[in-house]
Amino acid sequence: MARDYSRFLPTTPGGSTRTTTLSTLERLGWQPFFAQQTSVEDLARTPAVRVTEVHRDRLRVQGADFDGTIPFRPDVTVGDWLLYDRDRPAASRLLGRKSLLKRRAPGTGRQIQLIAANADTAFIVSSCNQDFNRARLERYVSVVREAGVAPVILLTKPDLCPDPQRYAAEAGTIAGDIPVVLVNALGDQPKAALADWCRSGSSVVFLGSSGVGKSSLLNALSGRPVAATRAIREHDDRGRHTTTGRRLHLLPDGCAVFDLPGMRELQLVDAGGGIASLFADLDSLARRCRFRNCGHETEPGCAVRAAVEAGEVDAARLARWRKLVREERFNSASLAERKAKDRAFGKAVRTILKQKEQERR
Ligand SMILES: Nc1nc2c(ncn2[C@@H]2O[C@H](COP(=O)(O)OP(=O)(O)OP(=O)(O)O)[C@@H](O)[C@H]2O)c(=O)[nH]1
Ligand SMILES: [Mg+2]
Ligand SMILES: [Zn+2]
């Protein structure tokens, strides 16, 4: 039986056949962007499925009439779309991504960790308490922008804070065009407060430290407790890493929501563009420095230092920018080095195998 996928393919003007009832694929976040990479024939043979859970050894994938698992693949993350190959599930084709959130994996390894694929909006969640940290918010914004995802800053726990507007005002100065929303995750506010972004067919992700209320927000949007939540530590407002798995939840009204574990650190890698867009003023000043590789410290002819001295640029902001740039360059360079090493190693292995093969002949 071939399903009729035609309405998920790009429609010609006047040829729209959309209905108002949501199909499973639409609830999963299937969009023309993905449909354009396939054909009706492809979809009939290898149906589209989305990765909704990532486990150590397997991935849960869901499609129009399919809910199953495929073996774990390091190149695939939660939110990815695959064309499911019934005969060889492990060889299912990965569709091109609309967006990809990633970071340098924590620990000493230099690998990249894929956080979530194909999110449309990222809610950068922080609380109106000791968790609030401007430099961390800037870090998240850089990663989110680089990923091709639209950032929104969400400030939770205003109900526990005497002056939540102070936090909102500070967050509002990070970038003029990023919406800032104060929301009590425990009440019934989230649905209305986030309605502009949580539309049917779209995918949204909550990012932030442990304990800021990411799972509470998901529960509020769902209208029922689909994810576990746990009280934070009183003395320092830190969370207890309650959510451990990475999962995409489907809401009844057709929005897909990622619930991820709280992140201890979000190390930047391949995020130069995201940093440059958030610190566009400093980035363009730096282009006027005498030396192309100016560190904006003691070099002569440094346009950035000159601007600080003239009172045009805030020294603290410059310090935060430099820290992000340095870290991003270091991580990206070590990643490139690692890739080169891996390539060299792969080449050496192939040479040895070839020699052995020749010896056997
Ligand atoms: N009063 C109040 N409590 C909140 C709010 N948001 C979250 N909480 C509480 O904060 C605690 C942590 O919330 P979670 O939803 O578990 O936080 P999380 O971000 O999912 O944490 P991890 O899964 O550990 O990353 C819970 O006790 C929630 O009830 C809020 O806006 N107001
Ligand atoms: Mg959680
Ligand atoms: Zn300089």
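Predicted model: local features only at pLDDT ≥ 70, side-chain atom pairs only at ≥ 80, totals over all residues.
Residues are numbered from 1 along each chain as its sequence is written, chains are lettered from A and ligands numbered from 1 in the order in which they are written, and side-chain values use heavy atoms, with hydrogens and water left out.

The protein chain holds eleven helices and 13 strands; these are DSSP runs, helices being H or I of at least four residues and strands E of at least two. Its C-alpha atoms fill a box of roughly 70 × 70 × 50 Å along the principal axes. Of its 361 residues, 49% count as buried, that is, under 20% relative accessible area with a 1.4 Å probe, protein chains only. Among contacts (heavy atoms within 4.5 Å) between residues at least 6 apart in sequence, 64% join residues at least 24 apart.

What coordinates the zinc ion (ligand 3)? The donors are C289 (SG), C294 (SG), H296 (ND1) and C302 (SG), at 2.1 to 2.4 Å. A donor is an N, O or S atom within 2.8 Å of the metal (3.2 Å for Na, K and Ca); water is not among the atoms, so sites may look incomplete. In sequence, the donor residues follow the spacing C-x4-C-x1-H-x5-C.

The arrangement around the zinc ion (ligand 3) is tetrahedral because the four donor atoms subtend angles of 104 to 116 degrees, and four donors count as tetrahedral if all angles lie between 85 and 135 degrees.

Key
Buried < 20%, exposed > 50% of the residue type's maximum accessible area, 1.4 Å probe, protein only. Tetrahedral: all angles 85-135°; square planar, octahedral: opposite > 155°, others 65-115°.
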